[in-house]
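Please review the following structural briefing alongside the sequence and the coordinates. The points are grouped by topic.

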Amino acid sequence: MADDQHEEVSKKVSAEEEIRRGITVMRRVVQGRSRGIILDVCWNNQGQLIEPNGHTLTSFIGALVRNEIPITCDDWRNKELNESKEKIWSEIKRCFNIEEERRGFCMKLAGKLLRGFRTFLSSKFLKDADGNFVDAELPKKYESLISAEEWEAFKSKRQDPVFQRISATNRERASSPAYPYRKGRVGYGRLEQSMLQKEESSETSLPAHVLWKEARVGRSGVPQEEVLHVYQKCEELSQSLSPDDTKGILSRALDVPEYSGRVRGKGFGVTLTSLSIKKGKAPSNRELHARLEAMQAELDALRREREASASTVYRDASDKNSINCTFQPNIPEGISHCQLYLSI
């Protein structure tokens, strides 16, 4: 009994230590894990994280990545991060009931959240109201996450002329979008889930242009005229284009290119592969050779079948001919066939 109480106290202390370690370490998740509570997570048929616990897992991954990955990391694919990524994935599995096949999604989400955290730090502490650089001290709030050396390196990177040029270009491009997203932190996956539940629909997904329109409806509940125009154009295109068209209806209506690794109007986590859409591309020489061999084998099989069938017909005809040839009617000598016929 005493041992059980001691173990329970140890778990509680351990959980409290983990909670104090960072700014946001998801108190409910950590304390629940110490009591043996593992949270279930759900995914839609397109591989997106949805409720229940979709938002919780996203926040938990954000807390982990801020604790484990330095803000000076510019390349998420750097192999030096493998050990930290492994730790992040291990912590996720300790708290959530999640399949191994979801690791790729979680790691991509972690990289996205790290980029968002760096952007937040830069915008919040290193820029004034006009967007000019400010040589700020390390915020006390983040001293447990960021070392003084990392902060100085981070500031130095933000002062680099090349970085500033790229940043200015991206900022200008994102400053005045023609069709701004109006659903805040609610991603397309959870938005779609909410729409399907509200409509009590038996469908498992919605067309991209339907989601795109809903994502641009603000608090007024009325979409802008420009958004409706694009939506109506999508509806017209959906009646004429093949479902196998490699360029999405929404991209055609907006007259913009489609990029690899994403599907416009579907949000984070959805790719052409997850939607089972195959990009049209020329087959390789190996694929062409394999196709030719298969076609040749099929042709040879048909030829053999035809020859076997012709041989059977020939044998049948030969048997009939042999019967006709061996049959000799007993006609008296001196009487022709014509005379015999006339006599009948």
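The model is predicted. The protein contains 13 helices and four strands, and 30% of its 344 residues count as buried. Among contacts between residues at least 6 apart in sequence, 56% join residues at least 24 apart.

**Helix 3**

- Helix 3 spans residues 54–68.

**Helix 4**

- Helix 4 comprises 14 residues, 82–95, and extends 20 Å from its first C-alpha to its last, close to the 20 Å expected at 1.5 Å a residue.
- Its buried residues are Ser84, Lys85, Ile88, Trp89, Glu91, Ile92 and Cys95. These residues lie on the same side of helix 4 because they cover an arc of only 160° around the axis.

**Packing of helix 3 against helix 4**

- The axes of helix 3 and helix 4 are 10 Å apart and pack at an angle of about 145°; the crossing is right-handed.
- On the helix 3 side, the contacting residues are Leu57, Phe60, Ile61, Leu64, Val65 and Glu68. They meet Ser84, Lys87, Ile88, Glu91, Ile92 and Cys95 of helix 4.

**Packing of helix 4 against helix 5**

- The axes of helix 4 and helix 5 come within 11 Å and cross at roughly 115°. This crossing, too, is right-handed.
- Helix 4 contributes Lys85, Glu86, Ile88, Trp89 and Ile92, which meet Arg103, Cys106 and Met107 in helix 5.
- Ile88 and Ile92 of helix 4 meet residues of helix 3 and also residues of helix 5.

**Nonpolar cores**

- In soluble globular proteins, nonpolar side chains tend to be buried together.
- The largest nonpolar core has 27 residues, and Leu57, Ile69, Ile92, Phe96 and Ile98 are those with the most contacts inside it.
- Helix 3, helix 4 and helix 5 (103–125) each supply at least two residues of this core. Helix 5 provides its largest share, six residues.
- Another core, of 17 residues, lies apart from the largest one; among its members are Tyr231, Cys234, Leu250 and Ala253.
- Ile69 touches Trp76, Leu81, Ser84, Ile88 and Leu114, with residues up to four places away in sequence not counted.

- Is Asn45 buried, exposed or partly exposed? Its relative accessible area is 47%, so Asn45 is partly exposed, a class that ranges between the 20% limit for buried and the 50% limit for exposed.
- Beyond its neighbours within four places in sequence, Asn45 is in contact with Thr204 and Ser205.
- Asn45 and Leu275 are 230 residues apart in sequence, while their C-alpha atoms are 8.7 Å apart in space.

Technical notes: Residues are numbered from 1 along each chain as its sequence is written. This is a predicted model: local features need pLDDT of at least 70, side-chain atom pairs count only at pLDDT 80 or more; totals for chains, interfaces and linings use all residues. Side-chain values use heavy atoms; hydrogens and water are left out. The expected span of a helix is 1.5 Å times one less than its number of residues. Buried means under 20% relative accessible area, exposed over 50%, partly exposed in between (1.4 Å probe, protein chains only). The arc is that of the directions from the helix axis to the C-beta atoms. A nonpolar core is a set of buried Ala, Val, Leu, Ile, Met, Phe, Trp, Tyr and Cys residues joined through side-chain atoms within 4.5 Å. Contact means heavy atoms within 4.5 Å. Axes are lines fitted to C-alpha atoms, for helices over the stretch in contact, and angles run from 0 to 180 degrees between N-to-C directions. A crossing is left-handed if the near helix is turned anticlockwise from the far one by less than a right angle, and right-handed if clockwise.
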